[in-house]
Amino acid sequence: MIPDSFAHPSGSSGVSLNPIPNGPGLLVSVKTGLGAMEGQTPGGGGLSEKPVPMTSGPGLSSLGAVFILLKSALGAGLLNFPWAFHKAGGVAPAFLVELVSLVFLISGLVVLGYAASVSGQATYQGVVGGLCGPAIGKLCEACFVVNLLMISVAFLRVVGDQLEKLWDFILPGSPPAPQPWYTDQRFTLTLLCALVILPLSTPREIGFQKYTSILGTLAACYLALVIMAQYYLRPQDLAREPRLASSPSSWTSVFSVFPTICFGFQCHEAAVSIYCSMRHQSLGHWALVSVLSLLACCLVYSLTGVYGFLTFGTDVSADILMSYPGSDGVVIVARVLFAVSIMTAYPIVLFLGRSVMQDFWRRGCGGACGLWALAEPSGLWVRMLLTVLWVTATLTMALFLPDLSEIIGIIGSISSFFIFIFPGLCLICAVSVERIGPRVKCCLEAWGVVSVLVGAFIFGQSMVAAVMELL
């Protein structure tokens, strides 16, 4: 399921990463240097006068920021949108929920840019901690780690599903015949993690991964085109008419699309760093960037959801690629593209989670003595230990999860913190230190409260539904 210039929240010297966590669409630039800027005292002037963290280099153009945000959102969440349309009860209710969510999604991005200019921080967690206090900042860091952990599980689950279909294509046979032992996911996925993913995840810096976002974006666009073409061409294997839901089964089923929307559109962790990297750091430019990128992303997601749902109806799988036969050549290409892009995106997500855990280690062992004091968080042994633990934990959870749908609800519920709750809190805290008119201040505070309440509702509803499915 982040470029957000990810630096050590403590401000210590270390690795600064541009994370974009939502799936294969990831763009990363890694450099060694100082961490995020220390908090600056918010002033009372206009937005253009605020102290905004500046990045080295010529700066990012508005068009470049649009593409980076688009790349950060287009990813593994694309596979789940047809299934979300089915769960919502059809195209009309799912599309309505998506449009309503789009208002909050764009609002959250604009608010985060504004909050970054007020706080003077360069990372998402830095902005939250600087405006809302250290306690909320630590909660943000904890949610960050858990969210990345669940995204890693979803990545491995998607790769496992595609490997299963690829083996069906390579070793065709009648369904009753047992497959060879080496095609079992428990073997293939474990071997893949040990030979490919783990070596890619161990380096201290992963600057060589910075071009993987291109592959992820191509895979997402290719998949959308394939789904549309398959609907109109309707190959022999898909000749039968699908059963379409005419209306939601209940009013609560409409809300089941929220976790998928949060999982698919979660590029908000990247917002702060992208805004701070822009050449023209104004709220107007940033609002335009947010609108254009999310509208383009919404178009791709909507086309995939609509045509995937119309092709398979109520029989659509949580992973749309699993609904297609394993012998279709164009779908095989889509499987390979997505599997490779996810395998290269997983190390970036792991790097982000490991960076936060290294900061936890640094703060926890700051006054320790003995062996704990000798264990440098960025050193080889600690880095290897955290990497192996991360890969082992996510692999174990991925192997025990029978279906991708069981993890989407958890990821979507946690993502509501980054999309709704934290931006709402930042808006409330930011306007409290700004010299603005009482009516404007009241309206902004009201919108912040609404955003927090909507986020809390989505978190509660999605998490309860996800836990009930797991049970």
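Visitor: Which residues make the nonpolar surface patch of about 590 Å²?

Guide: Trp 181, Tyr 182, Phe 187, Leu 191, Leu 195 and Val 196 make it. Patches take residues with over 30% relative accessible area and no salt bridge; like charges are joined within 9 Å, nonpolar side chains (Val, Leu, Ile, Met, Phe, Trp, Tyr) within 5 Å. A salt bridge is a side-chain nitrogen of Lys or Arg within 4 Å of a carboxyl oxygen of Asp or Glu. Areas come from the Shrake-Rupley method with a 1.4 Å probe; for residues, only the protein chains shown count as cover. This is a predicted model: local features need pLDDT of at least 70, side-chain atom pairs count only at pLDDT 80 or more, and totals for chains, interfaces and linings use all residues. Residues are numbered from 1 along each chain as its sequence is written, and side-chain values use heavy atoms, without hydrogens and water.

Visitor: Is Cys 267 buried or exposed?

Guide: Buried means under 20% relative accessible area, exposed over 50%, partly exposed in between. Cys 267 is buried, at 0%. Cys 221 is partly exposed, at 34%.

Visitor: How many disulfides does a search of the whole structure find?

Guide: A disulfide is a covalent bond between the sulfur atoms of two cysteines. The cut-off is a pair of cysteine sulfur atoms within 2.5 Å. The search finds 0.

Conventions
Buried means under 20% relative accessible area, exposed over 50%, partly exposed in between (1.4 Å probe, protein chains only).
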